Amino acid sequence: MGEKRGRDSDGSGSSDEGSTSDGSLGSNEIVNVDFEFFDPMEIDFHAMKRLLQAAFGDDADMFDVSGLVDLVISQRAIGSTVKMDGDADPYAFLSVVDYHAQHACVAQMRQYLDKKAGRRAAELAGLLQGRRVGWLLSERVINMPPQVVVPMLRMLLEETKRTPGFDFEYFVLVCPMYREVAAEDADEDDKALDVDAYAHAEDEFIEEFACLKFDYRFSQLRRVADARNSFGDAGLAPSRRCLVLPRAQMGAVVARLEEVLEL
């Protein structure tokens, strides 16, 4: 995998296809699925909106998600989607927008993150103010293998490098997290439990290259962590972790992901 189709109106074009082991049907049967990479296109609008709403979590209605999708699609040849074919809904996408853009949808995101930074707000502003900064937007359906991220990230870095206005010095990435929390009636020792886990496996290794990071909770928590589920006396509370990544480290990020994902 590593090339993608352009914006031909009929969805035609040439690309390399990637075969991914999607799971086993029986003891010896493996399903191989061919995924292709495409530029974000108008026909992807609704699927990308659903993915972005999932990325924003419980606070999604605080943002103009439709406006953000329109912006991503309007950025010709920046970003990728992953599909079975050109007419299908994307299973994953990765793109970037200018963190300092004056578009209303981006301003909402920037102001939101400034508030969520809390005690790190001054540090965040000092790091990003006056710098060329890209906000990475990445989401995929739950069963999509993390291996698709590597070629998408590699292509995105090449695209931003050669496209005027996208040669960013830093990238901001907001990662979905889950915190394992104890039940209110648990023993005191168990209540000390605070275990964070990344929803996207690759983010654990991307974090190694962050020059700034902070966690935050949603403003509008619509789901209560269920402490009476299959996890026994613990439940999962969704949250987010913000990473700031220097452009100079992104080549090392790709190499690290290739290593841990065995590509």
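This is a predicted model: local features need pLDDT of at least 70, side-chain atom pairs count only at pLDDT 80 or more; totals for chains, interfaces and linings use all residues.
**Exercise 1.** Classify the ring pair of Tyr112 and Tyr216, and say which parts of the chain the pair ties together.

*Solution.* A pair of aromatic rings is described by the distance of the centres and the angle of the planes. For Tyr112 and Tyr216, the centres are 5.8 Å apart and the planes stand at 80 degrees. Planes over 60 degrees apart count as edge-to-face, so this pair is edge-to-face. Next, place the residues: Tyr112 belongs to helix 3 (residues 104–116) and Tyr216 to strand 9 (residues 212–216), so the pair links parts 104 residues apart in sequence. Both Tyr112 and Tyr216 are buried.

**Exercise 2.** Now classify the ring pair of Phe214 and Tyr216, and find the aromatic cluster that holds them.

*Solution.* Here the centres of Phe214 and Tyr216 lie 6.5 Å apart with planes at 40 degrees, so the pair is tilted. The cluster consists of Phe56, Phe63, Tyr112, Phe214 and Tyr216.

**Exercise 3.** Describe how helix 1 and helix 2 cross.

*Solution.* The axes of helix 1 (residues 45–56) and helix 2 (residues 65–74) come within 9 Å and cross at roughly 120 degrees. That angle makes helix 1 oblique to helix 2, and the crossing is right-handed. Among the contact residues are Phe45, Leu52 and Phe56 of helix 1, with Val65, Leu68 and Ile73 of helix 2.

How values were computed. Residues are numbered from 1 along each chain as its sequence is written. Side-chain values use heavy atoms; hydrogens and water are left out. Rings of Phe, Tyr and Trp (its six-membered ring) pair if their centres lie within 6.5 Å; planes under 30 degrees apart count as stacked, over 60 as edge-to-face and the rest as tilted. Helices (H or I, at least four residues) and strands (E, at least two) are DSSP runs, numbered from the N terminus. Buried means under 20% relative accessible area, exposed over 50%, partly exposed in between (1.4 Å probe, protein chains only). Axes are lines fitted to C-alpha atoms, for helices over the stretch in contact, and angles run from 0 to 180 degrees between N-to-C directions. Angles under 35 degrees count as roughly parallel, over 145 as roughly antiparallel, 65 to 115 as roughly perpendicular and the rest as oblique. A crossing is left-handed if the near helix is turned anticlockwise from the far one by less than a right angle, and right-handed if clockwise. Contact means heavy atoms within 4.5 Å.
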